[in-house]
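I opened the model and kept notes as I went. The entries below follow the order in which I looked things up.

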Amino acid sequence: IEIYLSRLEQEIFDIDTNLRYSNLTRGERLAMNTLKNDRSILIKEADKGAAIVVWDREDYLKEADNQLSDENVYEEISGNVIDPLVRVVKNHLARVKIRGDVSSETMDYFMVNNPSLGRFYLLPKIHKRLHSVPGRPVISNSGYFTGIR
């Protein structure tokens, strides 16, 4: 059995995954590009259920505005908030490094060269309802100095 599994594994790894042809018809490719370029809709993965949702852009923006307007959850900020935060993080990391708790490589890993604020977006909760769909807020911290690069 181990020999069989080993050979099967090798055959799977040897499969050429670089498609030299499309598995879509010309009409399907045209339809996909038309949807992709339609600025009146957003195509998102659903919050649950591994589905793809076509969300009306106006409905999406309305839901995002409703959520971001909730002052109990979000606070509007103005001005440059990144530079002061970067200074605080650098100072803390420098102290940790001086104590010998982290190496230079680890310190470099934690610092992002050009940090940016997280990106807010919504995933549609179609498992709740199909009209006036609520969104699950997500903040992507990729590129932020506390996020993973």
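I started at Lys90. I listed its contacts (heavy atoms within 4.5 Å). Leaving aside neighbours within four places in sequence, I found Lys90 in contact with Met107 and Met111. Lys90 sits in helix 4, residues 82-98. I looked up its accessibility: Lys90 is partly exposed, at a relative accessible area of 45%. My classes are buried under 20% relative accessible area, exposed over 50%, and partly exposed in between, with a 1.4 Å probe and protein chains only. I also took a distance from Lys90 to Arg57: the two are 33 residues apart along the chain, and their C-alpha atoms are separated by 40 Å.

Note on provenance. This is a predicted model, in which local features need pLDDT of at least 70, side-chain atom pairs count only at pLDDT 80 or more, and totals for chains, interfaces and linings use all residues. Residues are numbered from 1 along each chain as its sequence is written, and side-chain values use heavy atoms, with hydrogens and water left out.

Next, the fold. I counted 5 helices and 4 strands in the chain. Helices (H or I, at least four residues) and strands (E, at least two) are DSSP runs, numbered from the N terminus. In sequence order the pattern reads α-α-β-β-α-α-α-β-β. The radius of gyration is 23 Å, well over the 15 Å from the globule rule for 149 residues, so the chain is more spread out than a compact globule. That radius is taken over C-alpha atoms, and the rule is 2.2 Å times the number of residues to the power 0.38. I then read the extent of the C-alpha trace along its principal axes: about 60 × 55 × 30 Å.

Whole-chain totals. Buried residues make up 19% of the 149. Of the contacts with a separation of 6 or more, 48% join residues 24 or more positions apart. The chain exposes about 12,300 Å², and carbon and sulfur atoms supply 52% of that. The areas come from the Shrake-Rupley method with a 1.4 Å probe; for residues, only the protein chains shown count as cover.

Helix 1 came next. It runs over residues 2-13, and its 12 residues should span 16 Å at 1.5 Å a residue; the end C-alpha atoms are 16 Å apart, which agrees. The expected span is 1.5 Å times one less than the number of residues. How many of the 12 residues of helix 1 are buried? The number is 0, so helix 1 lies largely in the open.

Leu24 is partly exposed at 29% relative accessibility. Beyond four places in sequence, Leu24 is in contact with Arg29 and Met32. From Leu24 to Ile43, 19 residues along the chain, the C-alpha separation is 19 Å.

Ile41 is in strand 1 (residues 41-45). Is Ile41 buried or exposed? Ile41 counts as buried, at 15% relative accessibility. Its contacts, sequence neighbours within four places aside, are Leu35, Val54, Trp55 and Arg57. Ile41 and Asp56 lie 15 residues apart in sequence and 4.5 Å apart in space, C-alpha to C-alpha.

Last entry: Gln67, in helix 3 (residues 57-68). Gln67 is buried, with a relative accessible area of 15%. Which residues does Gln67 contact, leaving aside neighbours within four places in sequence? I found Tyr74, Phe120, Leu122, Gly135 and Pro137.
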